[in-house]
Amino acid sequence: MHADEPPETVMRRCREVIDEHARAEEHESLITVTQVFTRLRYKDTNLLSILRGKTIMIEPLELVRSLLIREIVAERSHKHILKFLATRFGSVPPELEAEVRSILDETVLDAAVELAASSPDLEHFATALRAIPRPPEPWDPADEPEPTV
């Protein structure tokens with residue numbers, strides 16, 4: 001498969017590889033991620049039918065809520081928050097950096113941006129950051145314990 005092949009050929013091959021090699025529990029996630037990247041690269045919604053067959057793509061809001069997509073989107077905010085803090089206050093302690101990077105919720109990240117701009121120092125930022133109400137994280141099957149026999 002080469003980049004100069006038609007998009008339909010690329011999508012059919014992606015679908016074949018996922019169908020033949022993906023573990024059952026990963027199949028739908030791989031199809032979804034491939035749909036996201038297909039949509040970003042080609043902007044042709046007709047290509048999505050190759051990946052999904054007759055069913056429609058998951059609604060965009062559901063995709064944004066998926067852990068992978070949320071992490072990708074959040075990374076950009078993390079970068080900006082940490083850069084802004086470092087510019088204002090010097091180096092950011094590793095514990096605070098890890099705390100900022102652990103935030104995935106867009107509303108909490110928006111509040112953290114405002115805090116980074118208005119806090120008089122890193123200590124105030126850290127305290128106020130911890131006080132922001134956090135919505136419950138979406139259910140992640142990877143967090144479930146292994147079934148016992």
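Student: Against which helices do the buried residues of α1 pack?
Tutor: This is a predicted model, in which local features need pLDDT of at least 70, side-chain atom pairs count only at pLDDT 80 or more, and totals for chains, interfaces and linings use all residues. Residues are numbered from 1 along each chain as its sequence is written, and side-chain values use heavy atoms, with hydrogens and water left out. Helices here are DSSP runs of H or I with at least four residues, strands are runs of E with at least two, and both are numbered from the N terminus. With contact meaning heavy atoms within 4.5 Å, the packing partners of the buried residues of α1 are α2 (24-42) and α3 (48-52).

Student: Which residues of α1 are buried?
Tutor: A residue is buried under 20% relative accessible area, exposed over 50%, and partly exposed in between, using a 1.4 Å probe and protein chains only. In α1, the buried residues are Val 10, Met 11 and Ile 18. They lie on the same side of α1 because the arc that they cover around the axis is only 95 degrees, taken from the directions from the helix axis to the C-beta atoms. The residues asked for are therefore Val 10, Met 11 and Ile 18.

Student: What distance does α1 reach from its first C-alpha to its last?
Tutor: Helix α1 covers residues 7-21, which gives it 15 residues. The expected span is 1.5 Å times one less than the number of residues. The model comes close to that expectation of 21 Å, with a first-to-last C-alpha distance of 21 Å.

Student: How far apart are the C-alpha atoms of Arg 12 and Leu 47?
Tutor: Arg 12 belongs to helix α1 and counts as partly exposed, because its relative accessibility is 48%. Along the chain, Arg 12 and Leu 47 are 35 residues apart, yet their C-alpha atoms are separated by 9.1 Å.

Student: Which backbone oxygen does the side chain of Thr 32 reach?
Tutor: Thr 32 is a residue of helix α2, and it counts as buried because its relative accessibility is 11%. A polar contact is a pair of N or O atoms within 3.5 Å; within protein, one must be able to donate a hydrogen and the other to accept it, and residues adjacent in sequence count only if both atoms are side-chain atoms. At 2.9 Å, the side chain of Thr 32 reaches the backbone oxygen of Glu 28.

Student: Which residues are linked in a network of salt bridges?
Tutor: A salt bridge places a side-chain nitrogen of Lys or Arg within 4 Å of a carboxyl oxygen of Asp or Glu, and the structure holds six of them. Arg 23, partly exposed at 48%, pairs with Glu 25 at 2.8 Å between the closest N and O atoms, and with Glu 26 at 3.0 Å, N to O. Glu 25 is exposed at 58%, whereas Glu 26 is partly exposed at 31%. The network thus joins Arg 23, Glu 25 and Glu 26.

Student: With which residue does Glu 97 form a salt bridge?
Tutor: Glu 97 is partly exposed, at 29% relative accessibility, and its closest N and O atoms to those of the partner are 3.0 Å apart.

Student: Is Ser 119 buried or exposed?
Tutor: Ser 119 sits in the loop between α7 (106-118) and α8. Because its relative accessibility is 0%, Ser 119 counts as buried.

Student: Which residue caps the N-terminal end of α8?
Tutor: Helix α8 (residues 122-131) has Leu 122, Phe 125, Ala 126, Ala 128 and Leu 129 as its buried residues. At its N-terminal end, the backbone nitrogen of Glu 123 lies 3.2 Å from a side-chain oxygen of the capping residue, Asp 121.

Student: What percentage of the residues in the protein is buried?
Tutor: The secondary structure comprises eight helices and zero strands. Among contacts between residues at least 6 apart in sequence, 59% join residues at least 24 apart. Of the 149 residues in the protein, the buried share is 28%.
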